[in-house]
Amino acid sequence: MKKIALALIVLALVCTGLFADDYTSSKGTNDSEFDPNKTVEFVQETTSKNRIVTKGTVDKSLYSQPIFITSFGQSTEGAMLETVMKRCKLNYTYSPTATADKISGVKTLVIAVGASTKGLGAAGISIDDELARAKAIMDVVKKENITVICVHIGGSARRGQISDVLTDMVLEESSYLVLKEDANFDYKFTKYASEHNLPVSLIYGTKDCIDVFKSLYN
Amino acid sequence: MKKYIWHVIILLVAAVFAVFASIDFLAMHHDEPIADNPNLTEIRWLSDYSEGLAGTDLDTPIYVFDSGVPGGTFLVLGGTHPNESAGPVAAIALIENIEVTEGRVMIIPWTNRSGFSHTSPLDGMQDFFSIELDDGSTRTFRVGNRLSNPVDQWPDRTYYEGSSGRKLVGTESAEIRNINRMYFGNEKGVLTERACYGIYNLIKTENVDITMDMHEGSPEFLYLDCTMVNKHSDNSLAMSIASYMCLSMEFDDLTMRAEYSGVNSYGLSHRSLGDNTESMMTLMETYNPSMGPLHGKMDDDLIINGNEPNYYQAHLDGYVYFDVPEDGYPLVNRVARHILTIAYLAEGFSEYVPERCISFDTNLGTYEDMVEMGLGGILKSIN
C-alpha cells in the first residue's frame with residue numbers, strides 16, 4: 001500500500017512538472033518557432049552627443065499649421081508633446097480625448113501613442129472606449145486623407161499590448177514617425193518604417209522633439 | 001532607615017535615567033532654527049485655518065512671501081513625512097533664500113510638526129543629523145517619523161474612515177496618524193485630520209493655485225524622480241504644466257516623469273486635495289536609501305551622502321526599480337531636485353496661466369550650482 005502511495009506521489013510530481021512546463025511556454029507566445037533563448041541584440045543609434053537620427057526623407061511640404069494633437073492611450077506623453085509645441089511656438093490645438101468629429105477638417109494630426117492605465121483612469125475612459133475612439137479617428141483620417149505624424153516618446157515603458165495595438169493603428173496612416181529610441185528595442189518601428197518607406201526620426205530624449213518639430217516647420 | 005537605602009538608590013538611579021530620557025525626548029520638540037530672510041512677509045499658523053490645532057504639536061508655522069504684485073499663489077509642503085529629509089531641508093533652504101517678485105509663495109517646512117518630535121528606533125532610525133556650513137558652523141535637523149507622535153494622538157483606532165472615504169483598518173490602522181492618508185481632513189476629527197483640514201482650508205481661503213508636496217521614498221518604490229499630478233476631470237492643464245517642468249528638467253540633464261494620481265489614492269494630498277479644491281496638486285518623490293529595509297548602518301553619512309551599497313547591489317541584481325547610482329544620491333542633489341521642480345512648476349504655471357503669474361528667484365542658481373555649493377553653502381548660518 002505504501003509503495004502504491006509513493007508511486008502516486010511521484011506520478012503527481014511528474015505531472016505537476018509537465019503542466020508547469022506547459023504553463024510557462026503558453027505564457028510566452030503562441031508562435032511555435034518561439035525560442036526564449038534567442039534575443040534580438042539592440043544597438044542604439046542615438047547617443048547623448050548624436051541625439052537625433054533620421055532615416056528616409058521627410059517631405060516638409062506635407063505638414064501645415066494649425067496642428068491638432070491628440071493622445072491614443074491617455075499617457076502623459078500627450079501633454080509632453082503639447083509642451084514641445086508650445087516651446088516651438090507652433091499654432092496648435094491639444095485635446096487628449098478628442099472625438100472623431102473634432103478631427104474632421106484637420107490638416108495635420110499629431111498623435112502621441114502610448115497607453116497608461118493611470119491616464120485612462122484619470123480621464124475616466126475604459127480601454128475599450130479608448131480603442132473605439134482611436135478607431136473612429138483613424139476612420140476619419142482615412143476618409144479625409146489627413147496627414148498624420150506618429151509620435152512615441154514614452155520609451156520602452158509604453159510598449160505593452162494595448163500600446164502596441166494603438167501604435168499599429170496609427171502607423172498604418174502615418175507619413176512620419178518620431179520616437180524615443182529605447183522604444184525601438186525590438187526594431188518594431190524602424191522595421192515598419194523600412195518596409196513602408198516611411199521617414200523616421202529616432203530621438204535620444206523627449207527634449208529632442210523640439211528640434212525635430214522646429215526643423216519640420218522651419 | 002537602613003533597610004530602605006537600596007530602594008532610595010534604585011529610585012535615584014531611575015530618576016537619573018528618566019531625566020536624561022526626558023531631555024532626549026524633549027529635544028525633538030524644538031523646531032530647527034531658520035535663518036532670517038528679509039523677503040519674508042509674515043509667519044502665519046495652521047491653526048489660523050483650523051481652530052482645533054491651536055496649542056497642539058500639530059500646529060505649524062506658514063512662511064508667507066508676498067511680492068505685493070498681483071498674481072497667483074504657490075503652496076510648498078515640506079515635512080509631510082519628517083523622515084523624508086529632503087522635503088523639510090528643501091523647504092527651509094527656500095525660506096532662507098527665496099525672493100518673490102510676482103504673486104505669493106507660502107511654505108510650510110514641518111507639515112506634520114508632531115511627526116518631527118519622535119522617531120522610529122526599532123527601524124534603526126536616528127534622531128538628528130548635522131550639516132557643517134561653509135563658515136564652520138553646524139546646522140542640525142531632526143529625522144522624525146512619518147506618523148504623528150502617539151503622545152499627541154492615541155490610540156490608533158481599529159477601524160476609521162477618513163473624509164476621502166479611505167478605510168483605515170488592520171495593518172493600515174496606524175495611518176490614522178499619517179497626514180498623507182487623511183486628506184481632505186475634518187475640522188472636528190482626530191488631530192492629524194484637523195491638520196489636514198487646515199491645509200485644505202488654507203488652499204481654499206487663500207486661493208492657492210498650485211501646491212507641491214515634497215516626499216522621498218525607498219528604492220523599492222515605483223514612483224521616484226516622479227511627480228504625481230491630479231487631473232481635474234474637465235481639463236488637462238495640470239499635466240501640461242507638469243510636462244513643462246519635466247521638459248525643463250531634461251534640459252538640465254535631469255530625468256523626471258509625471259504621472260496622474262491613482263484613481264484609488266484616496267486620502268493622499270495629490271488625489272484628495274486635488275479632487276476637492278481648485279489647486280493644481282502635485283507630489284514629488286526622490287530616492288532616499290535610508291528609508292528602505294536594506295539600508296546598512298544608520299548615520300549622518302547615509303542620510304547626507306545617500307550611499308548605500310546594499311541598494312546598489314540590489315539594483316544590479318534587478319530587485320529594485322530605481323536606477324540606484326553607484327556613488328549614492330546625496331541629500332544636496334535631492335534638495336536641489338525638489339527646489340528646481342518647484343521653480344519649473346511655477347514657471348510652467350505662469351506660462352499657461354499668465355493672469356495668475358507666480359515669479360520668484362530661489363537665489364540658489366541651477367541644479368549644478370546647488371550641487372557645487374553643497375548644503376553647507378545653500379543653508380545660511382544661524383549666527
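## Reading the sheets and the contact

Author: Let's start with one pair: A:Ile69 stands opposite A:Tyr94 in strand E3(A). Please keep in mind that this model is predicted.

Reader: Thanks! How many bridges join strand E2 of chain A to E3(A)?

Author: Strand E2 (residues 67-72) of chain A is joined to E3(A) by 3 bridges, and the two run parallel.

Reader: In what order do the strands of this open sheet in chain A come?

Author: Read across the sheet, the 7 strands follow the order E1-E7-E6-E5-E4-E2-E3 (chain A), and the pairing is mixed. At the edges you will find strand E1 (52-55) and strand E3 (92-94) of chain A, each pairing on one side only. Neighbouring strands are turned against each other by 20° on average, direction ignored.

Reader: Which strands of chain A does H2(A) touch as it packs on the sheet?

Author: Helix H2(A) touches E2, E3, strand E4 (108-113) and strand E5 (147-152) of chain A, and its direction makes about 160° with that of E2(A). Another helix to look for is H8 (residues 208-216) of chain A, which lies across E1, strand E6 (174-180) and strand E7 (200-203) of chain A. Helix H8 of chain A runs at about 150° to E7(A).

Reader: Now for chain B. What is the strand order in its open sheet of 8 strands?

Author: Chain B has the order E1-E2-E5-E3-E10-E13-E11-E12, again with mixed pairing.

Reader: Why is one side of strand E1 and of strand E12 of chain B left without a neighbour in the sheet?

Author: Strand E1 (42-45) and strand E12 (257-260) of chain B stand at the edges and have a single partner strand each, so one side of each lacks a neighbour in the sheet. From one strand to the next, the twist averages 25°.

Reader: Which residue stands opposite B:Thr211?

Author: That is B:Met281 in E13(B). Strand E10 (residues 210-217) and strand E13 (residues 280-287) of chain B run parallel, joined by 8 bridges. Helix H5 (residues 269-276) of chain B lies across E10, E11 and E13 of chain B, at about 170° to E13(B).

Reader: Last one: how many residues does each chain give to the contact?

Author: In general, the size of an interface is often given as the accessible area lost when the parts come together. Here we can count residues: 14 come from chain A and 17 from chain B. On the side of chain A, helix H2 (77-88) and helix H4 (117-123) are the elements that give two or more residues. By class, that side of chain A has 4 nonpolar, 7 polar and 3 charged residues.

Definitions and conventions
Residues are numbered from 1 along each chain as its sequence is written. Chains are lettered from A and ligands numbered from 1 in the order in which they are written. This is a predicted model: local features need pLDDT of at least 70, side-chain atom pairs count only at pLDDT 80 or more; totals for chains, interfaces and linings use all residues. Two residues are in contact if their C-beta atoms, placed from the backbone, lie within 7 Å. Helices (H or I, at least four residues) and strands (E, at least two) are DSSP runs, numbered from the N terminus. Ala, Val, Leu, Ile, Met, Phe, Trp, Tyr, Cys and Pro count as nonpolar, Asp, Glu, Lys and Arg as charged, and the others, Gly among them, as polar. Two strands pair if DSSP finds at least two bridges between them. Axes are lines fitted to C-alpha atoms, for helices over the stretch in contact, and angles run from 0 to 180 degrees between N-to-C directions.
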